[in-house]
Amino acid sequence: MKPRIRLDNITLLLVGMLLLMGSLLAYLVTIDRDINGYNRYDTVLQELLLLDSGFDNFFLHKIEAVNYESINRDRDRFEETISWLIAQPLAREYGAEFPQMVHEIGVDFRKKSEAIEAFKSYNTLALNSIHYIFDLRRTLLSDPNLSQEIQLHLDKILFSLMQMILGIQTSKETLTRELENLKKSPAAEASPNLLHLINHSLSLTEAIRYLNETTRRAGQIPLHSKIDRLKESLHLAYERKIFIEKVIALLFFVLTFILIVILIGISRRARQTHQRLQAFMYAVENSDNTVVMTDPDRTIVYVNEAFEKSTGYSRLEALGQNTRILKSGKQDRRHYDEMNRILNEGKKWQGEFINKRKDGTLYYEKASIVPVFVDGRLTNYLAIKLDITEYILQQQKLKLSAAVFENAQESIFITDRTSRIIAVNQAFTAITGYVEEELEGKTPNILKSGYQDETFYRKMWEKIRDTGRWHGKIYNRIKSGEILPMWLTVSSLYDEKGNLLNYIGMLTDLREIIQNQERAEFLAYHDPLTDLPNRAYFEEHLFHAIELAKRKKNILAILFIDLDRFKVINDTLGHDVGDRLLKVVSERMRTTLRKSDMIARVGGDEFIAVIESIATAEETTYVCEKLLKKIAEPIRIASHTLNVSASIGVSLFPDNGSTITDLIKNADNAMYLAKNMGKNNFQFFMPELSRMMHRRLDIEQGLNKALLQEEFWVTFQPQYRLEDGSLYGAEVLLRWKSPTLGIVPPDEFIPVAEETGRIHEIGMYVFEEACKTLVTLEKMGLFLENISVNVSSKQFMEKGLPEAFSERVAFYGLSPERITIEMTESYIMDTSTYDDTMLHTLKRLGFKISVDDFGTGYSSMSYLKILPIDSIKIDKSFITDIPHDPNDNAIAKAIIVLSNSLGYHVVAEGIEHPEQERFLLEQGCAFGQGYHYSRPIDLERFIAFVRTKSPSSRPLLMPPSPAKSAV
């Protein structure tokens, strides 16, 4: 009788609950998608706001060299984002008004984009006019045909133009009228350059007017407010939508809770049914065989003690589980399908199982399963099983032993006690070429090659008889006649009484091992990537080459080759591309050199070559040129076309050394000289280079202990007011006297200190000495208004520098306004190190800021008007030839006028003659220093100097700075 399949209440409820949970999960995914969608819209709109702010900021950079590529990228990004928003289903998700709002934003963006293009055109025109006007002015300065009145008039016009450029309030109409009047003058008609200057000045004023008008129109475009309104409207629509979704999700949770309560009630009734089945299980409780009873769904309802012993599961662990917990997965699905088919027909099934115990081990059972019917309805399945694991395992061991023998990687042969071969495996057949039928009745002597003599075999058999084992290397001749090296292991097999039964031999082919050994020996002296010799091999070869050159009195050339910019390629494109590049370059160098020469890779992108048997050093030049040309050829790797070059250093034997160490070191030094000379060249070692390298090393080592041994001291160069000749302050200058090097100039040891990091502690030493000097002078009743300290650009990279300076000043009870921090103009323009916040912090703490060596770099006027500085120091190179050089006169005058108009004091350094002082004073320069006043002097003489220059009463501080013009 075929039992009926029915769905009980528990099954129906479980299905319903699964469907409900699935629907809830799907709805939660929808909510999450809506949240992510809104977050993306919000992020996109925030990005549009930032981009629009960038557009507005762009219009502020008037008359500046602006990075147009950056603003173009921002506009492209804005346009891409608007296009993306237009393509989104905003109307379907949030409402029909949102696409219209996006469209309006796009319209306003196009208006602002047009304003940006207009601004770029006018700004470029203005910048070109500025450069051309100043070039013409420089030319007109040397025009003898122009009167002094016209020259002064031009200076006034240029000064007005400079005020207009900087945004300082000036009358455009007045300036235009002056230019038109000058244009009609006879001087303009007589001088084409003057006429060009006037026309470009008029063009510049008109360009500035258009720039201002474009900026005003751009500011009236309500793009930012429309983006804000869209963002707010989108937020409100999202809040309404997410509230509705949360209410629906809550309803799902309530329905799920109700189903769980119903399932708990049904589960209690199922336990009562289980109790009634206990009566059926009592009869088999003490059976020696495993007895298992399940319900129609194959859920275990009863097991006996034999089950617990056989499976490792306790009764409590097994009850309520499906019989699948015993399933090992080692039997085909068809085995279970056939069993289920017979049981579903209501018949008894008998067969075997491969089951799994609780600990994961397998065991075998012979089983008999009977369906139990009550009142014609299937109520249970009763299984009685017998453990047959031991029997099955014995059978498997026999099969396994045969399989191991047959499939072993080692060649195995078995003989009887008379050494007659009785069995061989497949590996033996594969290595020797003999099949088992060919070896029947024969001894292993069939493989004898004659490579070893009879004494070898006699000792082998003596060892086998004495110990029962032997192993060693042997040469056998296989069926093809080839002689192979093999490792043979022979073992004797005895029975329980000690009688010899068999000999078992195992053969291992040693060819691969020997090849690996040879490869290992190769790698010990070669680079694994390029297969070139390594440093050890190279030095050994160079040793013999030197010895040979000594005997034959030949010249040797050592080439130290380093690839240029290899690290950039390796870091940018990856180590795989870098390795392939090294292989190509290595092969190019190897094929370029002669076979008698050697090239080795000594690490990274460094190579060393030795060129032997050369008659003159000029031959090495030819070799280096060939190498550089070959290396520089483009290299195609994957989708990249790479261009590399090399720097080569050359040392010669015996001129540049007679030992391996000296020759390699000197070639290395020459290579660094090639690097410093622009790369992609070769340089020969020079004794001067060696002395320079040793000098630098001596300085570096000396700096390590210079502070501790008090080898540094400071000198002071006084600074004067040019107006009345009174002492104003001093600049602190560092000096070093080494016990081994003598007096070392600052321009020699400061760069080394910056490279090694010693500049930080040295700089703090100078700053502290400046503070001590001010305190020392005050204790003596003397007062110095200002002291200037030079600060290296490397020091400005220390984040805590302002706080360290402030802490030292507070410790000595000084006012920060009395200390001027001097920085170089090149530091300001070096964007890799310049930190604007550092200067503002120093200024906020009360220190004065000065720009040293002004005019030697390239300073933007936009930087000058925003820097938190107090004074500008004109470089000595512009002072030396005044007032005799018109160009230096004009430059110094322009710097002074510009600085005073911006509210900066001007300090001129390098004043050596009275006429220089007079010229600078006439132009409005406030302060000066130089040999005209005093050379740098030590502390003791400086104190005496201050005492002679100081009035009896305490002098006033620096007069108030000229008022800065509004910018």
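Buried means under 20% relative accessible area and exposed over 50%, with partly exposed in between (1.4 Å probe, protein chains only). The legends below use these words throughout.

This is a predicted model, in which local features need pLDDT of at least 70 and side-chain atom pairs count only at pLDDT 80 or more, while totals for chains, interfaces and linings use all residues. Residues are numbered from 1 along each chain as its sequence is written, and side-chain values use heavy atoms, with hydrogens and water left out.

**View 1. The whole protein, before we zoom in.**
The protein has 33 helices and 26 strands; helices (H or I, at least four residues) and strands (E, at least two) are DSSP runs, numbered from the N terminus. Of the 967 residues in the protein, 43% are buried. Contact means heavy atoms within 4.5 Å. Among contacts between residues at least 6 apart in sequence, 63% join residues at least 24 apart.

Helix 25 covers residues 746-756, and its buried residues are Phe749, Val752 and Ala753. Seen down the helix axis, these fall within an arc of 100°, so they line one face of helix 25; the arc is that of the directions from the helix axis to the C-beta atoms. Turned away from that buried side is the face with the exposed residues Asp747 and Glu755. Just after helix 25 comes Gly757, with a positive phi of about 90°.
A handy reminder here: an α-helix has 3.6 residues a turn, so residues three or four places apart point the same way.

In helix 27 (residues 801-811), the buried residues are Leu801, Pro802, Phe805, Arg808 and Val809. Their arc around the axis is only 130°, which puts them on the same side of helix 27. Glu807, Ala810 and Phe811 are exposed on the other side.

**View 2. Helix 2 packed with helix 4.**
The axes of helix 2 (residues 68-87) and helix 4 (residues 97-141) come within 11 Å and cross at roughly 165°. Axes are lines fitted to C-alpha atoms, for helices over the stretch in contact, and angles run from 0 to 180 degrees between N-to-C directions. Helix 2 and helix 4 are therefore roughly antiparallel; angles under 35 degrees count as roughly parallel, over 145 as roughly antiparallel, 65 to 115 as roughly perpendicular and the rest as oblique. Residues of helix 2 in the contact include Tyr68, Ile71, Arg75 and Phe78, and those of helix 4 include Val102, Phe109 and Glu117. By class, the contact has ten nonpolar, five polar and four charged residues; Ala, Val, Leu, Ile, Met, Phe, Trp, Tyr, Cys and Pro count as nonpolar, Asp, Glu, Lys and Arg as charged, and the others, Gly among them, as polar.

**View 3. Arg75 and its neighbours.**
Arg75 is found in helix 2, and at 11% relative accessibility it counts as buried. Leaving out residues up to four places away in sequence, Arg75 touches Phe55, Phe109, Ser113, Ile116, Glu117 and Lys120.

**View 4. Helix 31 meets helix 32.**
The axes of helix 31 (residues 886-901) and helix 32 (residues 914-923) come within 9 Å and cross at roughly 40°. The two helices are therefore oblique to each other. Asn889, Ala892, Lys893, Ile896 and Asn900 of helix 31 make the contact with Phe919, Leu920 and Gln923 of helix 32. These residues divide into four nonpolar, three polar and one charged.
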